Amino acid sequence: MQRGTFVGTYCGGRGTLVRLLCFTSFVVASALVLPVALRAEVEVTDFGKTADGKAVKAFTITNSKGVVVKLISRGATLAEWRVPDKHGKMDDVIFGFDDVAGYESKDNGYFGATVGRVANRIAGGKFKIDGEEYTLAKNDGPNTLHGGVKRSLDKVVWNGKPIKNQDGEGVAFTYTSPDGEEGFPGKLDCKVTYLLTNKNALRIDYEATTDQATPVNLTNHTYFNLSGAGSPTINDHELMIAADHYTPIDATLIPTGEIAPVEGTPFDFREFHKIGERVDQLNDQPGKGYDHNFVLNNQAGKLALAVKLHEPKSGRVLSVFTTEPGLQFYGGNFLTGAKAKGGKTYAYRSGLCLETQHYPNSVNEPKFPSMLLQPGRTYKHTCVYQITTE
Ligand code: GLA
């Protein structure tokens, strides 16, 4: 715990009685004033151990509005986000588990994790850089999904440090992925910084550097249900995505290379639509529902609004801003009732992910913006998730 470390800095060098009185008034004053003041501190606690004995830390941040964010160091994972609805009722609106064993179980569909080195799919688990071929483990039919099998970034334990600036409080996580880890070339130094502001925005800044050319695509895999995690569906949520185009996929969910207009398709979210309105048209299509990359209209690398998600009953609104060119909208089609935090279960299509990213399989698709990071350059990506009410 890092809270309250300044206790005892008042009243030094006087008599015992004075010290006692002073201490008593400090305790009384603390009870009245400090709970509010201290809320701004990041609380660091032990979250448990991984199966191979590594300690996992939890970091709890409470902003001036009483909004709570919890992060854990396994996978630099967003584990909890408690926000008020339009009546002030607090709910945790994201998926997660109560312990490390839950996160290590097969029920964990990358809940809240930082995903990489290359989020999303690489066709055939293969790619070439300067004529040299690299082969990865396949974990999604014929393809590699979300950075590999054992030491992808969602599964390793990161170093976490509380941070603070004029906008809010947060945690900076760092991890160095050695050359060849999960088959990727080059040593990759990664940093993911979360910052919770008093405007209920959670800003995520990604940075990475390498000593050899290597593909990089980091993202966050939080599942949201704005009625509260564990609520039965996201089909009643209204979604807007600032994308005129999307990338159609083949039977294994690899983009065909085409950049297709959303106009006249169930992918047209340029105006708000309920997710459930057209999703069943996709039941027999690859992905079995929404699991597609949207080509965001903002291709300038500047932070801009990409998504708005509105849940009418709670009045909660999630806005997503990003510097990235793409967004994977995954509608929870593979959820099958995982038992999770607080005894809740996560049913089919009861959570959705909005993963800001480069397009899937970009490393093999010259028509897409490149995800190759060169030595001497810094990979940078910002994503802001903000939850408000209307
Ligand atoms: C991604 C993929 C989905 C699925 C989930 C994890 O977002 O696009 O197909 O694999 O991760 O279950």
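Tutor: In the hairpin of S23 and S24, 4 residues lie between the strands, and Gly 315 there takes a positive phi near 75°. This is a predicted model; local features need pLDDT of at least 70, side-chain atom pairs count only at pLDDT 80 or more, and totals for chains, interfaces and linings use all residues. Residues are numbered from 1 along each chain as its sequence is written. Strands (E, at least two residues) are DSSP runs, numbered from the N terminus.

Let us look at S24, residues 316-322. In a regular strand, side chains alternate between the two faces of the sheet. The covered face of S24 holds Arg 316, Leu 318, Val 320 and Thr 322. Its uncovered face holds Val 317, Ser 319 and Phe 321.

Now the neighbours. Two strands pair if DSSP finds at least two bridges between them. Strand S23, residues 304-311, runs antiparallel to S24, and 7 bridges join them. Strand S30, residues 379-389, is also antiparallel to S24, again with 7 bridges. Follow Val 320 of S24: Val 307 stands opposite this residue, and in S30 its bridge partner is Tyr 385.

For another example of pairing, turn to an open sheet of 5 strands. Its order is S1-S2-S3-S4-S5, with antiparallel pairing. Strands S1 (43-49) and S5 (90-92) stand at the edges with a single partner strand each, so one side of each has no neighbour in the sheet. Within this sheet, S2 (residues 55-62) and S3 (residues 68-72) pair in the antiparallel sense over 5 bridges. Phe 59 stands opposite Leu 71 in S3.

How values were computed:
A residue is buried if 20 or more other C-beta atoms lie within 10 Å of its own, exposed if 12 or fewer, and partly exposed in between; C-beta atoms are placed from the backbone.
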